[in-house]
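Visitor: Please take me through one annotated spot in this protein, residue by residue. Then show me what else is worth a look elsewhere in the chain.

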Amino acid sequence: MSVITESPGSLDVDAVVVGYHPSDDGPQPASGADSVDAAFPGGLAKTLSLLGATGAAEEVHSVPTQGTLTAPVVIAVGLGAPPPGGAPDPDAVARAAGAALRSRGANHTRIALALPADTPELVHSAALGALLGDYSFTRYRTGEDTRGPAAELLVASTAAGAREAAERASTLAGAVSLSRDLVNTSPADLVPEDLADIAAQVARENGLAVEVLDEHALAEGGYGGLIGVGQGSANPPRLVRLEYTHPEASSTVAFVGKGITFDSGGLSLKPASAMDWMKSDMGGAAAVLGAMRAIAQLGPAVNAVAYLAIAENMPGGSAQRPSDVLTIYGGTTVEVLNTDAEGRLVMADALVRAHEDSPDLIVDVATLTGAQLVALGTRVFAVMANDDGVREDVVAAATQAGEQSWPMPLPAELRKGLDSAVADIANVAGERWGGMLSAGVFLKEFVADGTAWAHLDIAGPAFNQGGPFGYTPKGGTGAATRTLVRIAENRSARRT
């Protein structure tokens with residue numbers, strides 16, 4: 001991603017992207033589109049009106065330039081109505097840029113963005129949206145017409161700080177793309193050892209310290225959640241620890257990611273219709289790994305440690321059984337009443353271990369419950385915490401990062417439903433109501449009093465089973481990756 005200051009209409013590119021707003025008189029050019037609009041006889045807006053364009057959000061029309069510009073095609077994308085005061089909405093710009101790049105032709109490999117970019121924030125939004133919208137996962141495609149990423153993306157802006165904003169957008173887009181790639185990878189090609197090896201490689205390439213515990217170290221160390229969940233698979237579990245340090249840091253944040261590389265449900269087997277997208281059950285670990293790479297590259301003045309709790313939940317002959325009792329790292333015993341509630345078991349191990357780093361904040365991320373989809377749908381992840389201020393800070397970080405989240409409670413009365421007749425706690429409640437919240441209550445049991453903690457349930461947003469929209473593709477989305485980076489940056493900004 002590069003920043004240019006010249007008029008995009010004169011550039012030797014394959015397509016120019018411009019934005020439009022709706023009005024009573026038809027689509028009207030947004031900031032950045034004026035010179036391109038004026039190059040068309042009577043204005044590009046007139047042509048768009050004839051095509052039925054309105055300027056509605058993410059509406060896309062490709063218009064041949066017929067020699068009016070150097071570029072052969074203009075991709076006009078709707079930005080929706082501008083907010084009061086007329087300033088473009090950064091999120092609308094990002095989504096529009098993504099929609100425009102998704103619509104580009106396979107032969108359009110050099111793209112110039114003439115979207116609103118009057119400030120560094122808008123430059124960042126346009127660049128990030130375009131890069132995320134241009135994402136494609138081609139590992140398993142064999143056809144010659146498979147579309148790869150654009151060879152060159154340019155954003156037109158004269159704003160001070162534009163280049164730095166575009167560089168940050170490129171770093172974030174790379175982190176999200178890593179997360180998406182991992183979620184999209186076939187589970188046969190991403191067993192726990194594979195994911196741990198990738199994490200170690202990312203660490204080496206980005207100056208992160210890394211430690212990987214294999215099944216023998218996990219058994220010796222007493223990580224009963226990971227061992228219990230993973231024992232039904234031929235592919236044994238792993239716990240990966242990553243560490244980023246900064247010499248000026250005064251705060252440490254710990255991230256914990258659920259990394260179930262495939263979730264069959266174990267002996268509490270899922271129905272087939274609920275299993276075909278369970279390669280995404282490691283979306284929390286993918287988000288954490290992507291975020292740690294971005295943090296290492298951006299260099300905020302904060303210390304960050306990450307734990308990837310990785311296992312494959314399978315119904316093999318040695319699989320854990322409903323009514324088995326596991327001993328979590330640290331000594332708490334858990335009665336397993338449902339082997340399909342496995343994520344909280346591996347997360348419990350990692351949450352307890354994370355305390356050994358004396359973090360000021362622990363944030364865990366997990367595709368934890370189907371109840372999250374029932375409560376909040378497929379685009380909004382839930383935020384729970386043991387402190388109202390922490391929950392508000394995390395929701396604010398998500399909003400700043402351009403991700404949709406919603407604060408949810410952890411009702412104390414739900415704890416009784418997790419009582420076990422034989423162990424310290426059961427892994428599921430006796431009734432189905434409030435399943436997302438009771439899962440959060442379970443995790444809270446493994447957070448020490450006085451330690452700030454937040455839990456992100458990204459079950460729906462981590463994997464888009466529907467059609468693409470904005471800059472979000474079908475399949476893995478990289479949900480929560482940007483939020484984690486923003487949390488680290490906000491912690492850095494607070495240092496004294």
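**A close look at the annotated site**

Guide: Start with D263, which counts as buried because its relative accessibility is 2%. Buried means under 20% relative accessible area, exposed means over 50%, and partly exposed is in between, with a 1.4 Å probe and protein chains only. The model is predicted, so local features need pLDDT of at least 70 and side-chain atom pairs count only at pLDDT 80 or more, while totals for chains, interfaces and linings use all residues. Residues are numbered from 1 along each chain as its sequence is written, and side-chain values use heavy atoms, with hydrogens and water left out.

D263 is found in strand β10. Helices (H or I, at least four residues) and strands (E, at least two) are DSSP runs, numbered from the N terminus. Look at what D263 touches: K270, M275, M278, D281, N313, D340 and E342, leaving out residues up to four places away in sequence. Contact means heavy atoms within 4.5 Å.

Now the annotation. UniProt, in an unreviewed entry, marks K258, D263, D281 and E342 as "binding site". The four span 85 residues in sequence, yet no two of their C-alpha atoms are more than 11.5 Å apart, so they gather at one spot. UniProt positions follow the numbering used here, feature names are shortened, and annotations may be inferred rather than shown by experiment. K258 counts as buried because its relative accessibility is 2%.

UniProt (unreviewed entry) places "domain: Cytosol aminopeptidase" at residues 338-345. That stretch is 38% helix and 0% strand, and its end C-alpha atoms are 11 Å apart.

Most residues other than glycine have a negative phi. S358 is exposed, with a relative accessible area of 59%. Q66 has a positive phi of about 50° too, and is not a glycine. Q66 is in the loop between β4 and β5. It is exposed, at 70% relative accessible area.

A cavity is a set of points, on a 1 Å grid over the protein atoms alone, where a 1.4 Å probe fits but cannot get out; lining residues have an atom within 4 Å of a point. There are 4 cavities of 30 Å³ or more. Grid points are joined across faces, edges and corners, and the volume is the space filled by probe spheres set on the points. Lining the largest cavity are L361, V390, D393, V394, A397, I487, N490, R491 and R494. The elements giving two or more residues to that lining are α12 (388-401) and α14 (481-493). α12 gives the most, with 4 residues. By type, the lining has 5 nonpolar, 1 polar and 3 charged residues. Ala, Val, Leu, Ile, Met, Phe, Trp, Tyr, Cys and Pro count as nonpolar, Asp, Glu, Lys and Arg as charged, and the others, Gly among them, as polar.

Move to helix α3. It covers residues 90-102 and has 13 residues. From its first C-alpha to its last it reaches 18 Å, close to the 18 Å expected at 1.5 Å a residue. The expected span is 1.5 Å times one less than the number of residues. α3 is mostly covered: 10 of its 13 residues are buried. Among them are P90, V93, A97 and L101. What covers the buried residues includes β2 (15-21), β4 (60-64), β5 (73-78), β6 (110-114), α4 and β7 (152-156).

In α4 (residues 120-133), pick out H124. H124 is buried, at 14% relative accessible area. It touches A165, R168, A169 and L172, not counting residues up to four places away in sequence.

Finish at A33, in the loop between β3 (28-29) and α1 (34-39). A33 counts as buried at 0% relative accessibility. Beyond its neighbours within four places in sequence, A33 contacts V18, G19 and A114. A33 and G19 are 14 residues apart along the chain, with their C-alpha atoms separated by 6.3 Å.

Terms used:
1 Å grid on protein atoms, 1.4 Å probe; cavity = no way out; pocket = protein on both sides within 12 Å on 5 of 7 lines; lining within 4 Å.
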